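Okay, my turn, so let's get the structure up on the screen.

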Amino acid sequence: MPLLPQLVQYLITHCELNNINVICTNANAHHTRTVQSTMCNCFKSIGLLPVFSCLIFLIGLILCYGLAFLNHHLTVVLPTISATGSMPPESCYFTFFLASAGFLLTLVCFIYHSYVVAVHQDGMANFIGLLSGVGSGIGLVLVASFQFKYVPILHYVGMGLACTGQLIFGWCVVAVSYQLAPKVHGFCIVYFRVVVASISTLLWTLFVISLCLVQLQHDPAYPKVLFSVSEWALMLSELVFVCSTSYDFLQIRSLELDLGITGPHYIEVPGQNGIHR
């Protein structure tokens, strides 16, 4: 049975990811460039990937809320998002759906970054958007993996990364969209994103203020209500913004993975009759 370990070792030492070809089409401009990236996608049409990512997130929250309500694990009608997944069995679904959504949202950020490079050029706003989007996805995985009831520090760290990272990603997309208009797309999508990003910024401010009030007051009844409302509203506004990237993704025809094989294209496997290549 030495074939499998040697095959794995061969792939590790001789295979490298060269690039991914992003091929885009647009009615106003024709751009076809090869860009270097570090992500892999098997979809030929990925226009609905942002919408699918947001649906995974929403389905998970609705399912967790329903299970928590049926199992009498909720003390209020409008709990925080974290409270819907703090007790089993809903905590299991909470972890699965939010971690999956975090991975998909990270993938969306990678693809959007590659898309911008393909149709325009890389820039500071695009790069910062990539970093903040990846940080947001990692934060969402932390929120899903560490319930605030048992590991509050990591949970709050993940919540800060997810909310703040997605907000920064949104404004970076706004800046990039302004640079792309009107050559790649019209100004209508830019105005829409400015409105959604502004609403998200206002809700993020209320979210942070209410969180501080909850931590400072001994009987934080009203701040908790404000915290829950702002958290749910902020989540919905940021999901709407992520869905808006489908407008750009629909221009992508395909993403092609390019694997380069270096060295001799054979491996030596010892056998009974000698060495086989």
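Let's start in helix 3, where Tyr-112 and Tyr-115 sit three residues apart, about one turn of the helix. Helices here are DSSP runs of H or I with at least four residues, strands are runs of E with at least two, and both are numbered from the N terminus. For the cut-offs: rings of Phe, Tyr and Trp (its six-membered ring) pair if their centres lie within 6.5 Å, with planes under 30 degrees apart counted as stacked, over 60 as edge-to-face, and the rest as tilted. Tyr-112 and Tyr-115 are both buried, where buried is under 20% relative accessible area, exposed is over 50%, and partly exposed is in between, with a 1.4 Å probe and protein chains only.

Before I go on, the housekeeping: this is a predicted model, so local features need pLDDT of at least 70 and side-chain atom pairs count only at pLDDT 80 or more, while totals for chains, interfaces and linings use all residues. Residues are numbered from 1 along each chain as its sequence is written, and side-chain values use heavy atoms, with hydrogens and water left out.

Back to the rings. Ring pairs link Tyr-112, Tyr-115 and Phe-169 into a cluster, and a search of the whole structure gives six aromatic pairs. Another one of them is Phe-187 with Tyr-191, which is stacked at 6.1 Å centre to centre and 25° between the planes. So where does that pair sit, buried or exposed? Phe-187 has 30% relative accessibility, so it counts as partly exposed, and Tyr-191 counts as exposed because its value is 54%.

Now the fold. The chain has eight helices and five strands, and from the N terminus the order is α-β-β-α-α-α-α-α-α-α-β-β-β. Of the 277 residues, 45% are buried. If you take contacts (heavy atoms within 4.5 Å) between residues at least 6 apart in sequence, 74% join residues at least 24 apart.

We use a 1 Å grid over the protein atoms alone: a cavity is a set of points where a 1.4 Å probe fits but cannot get out, a pocket is an open set with protein on both sides within 12 Å along at least five of seven lines, and lining residues have an atom within 4 Å of a point. Points are joined across faces, edges and corners, and a volume is the space filled by probe spheres set on them.

That gives four cavities of 30 Å³ or more. The largest cavity holds about 290 Å³, and 18 residues line it, with Phe-57, Leu-140, Ala-162, Cys-163 and Met-235 closest to its centre. Helix 7 brings the largest share of that lining, five residues.

The largest pocket has a volume of about 500 Å³. Its lining has 23 residues, and closest to the centre are Pro-79, Thr-80, Ala-83, Phe-148 and Lys-224. Helix 7 gives the most to the lining of the largest pocket, again five residues.
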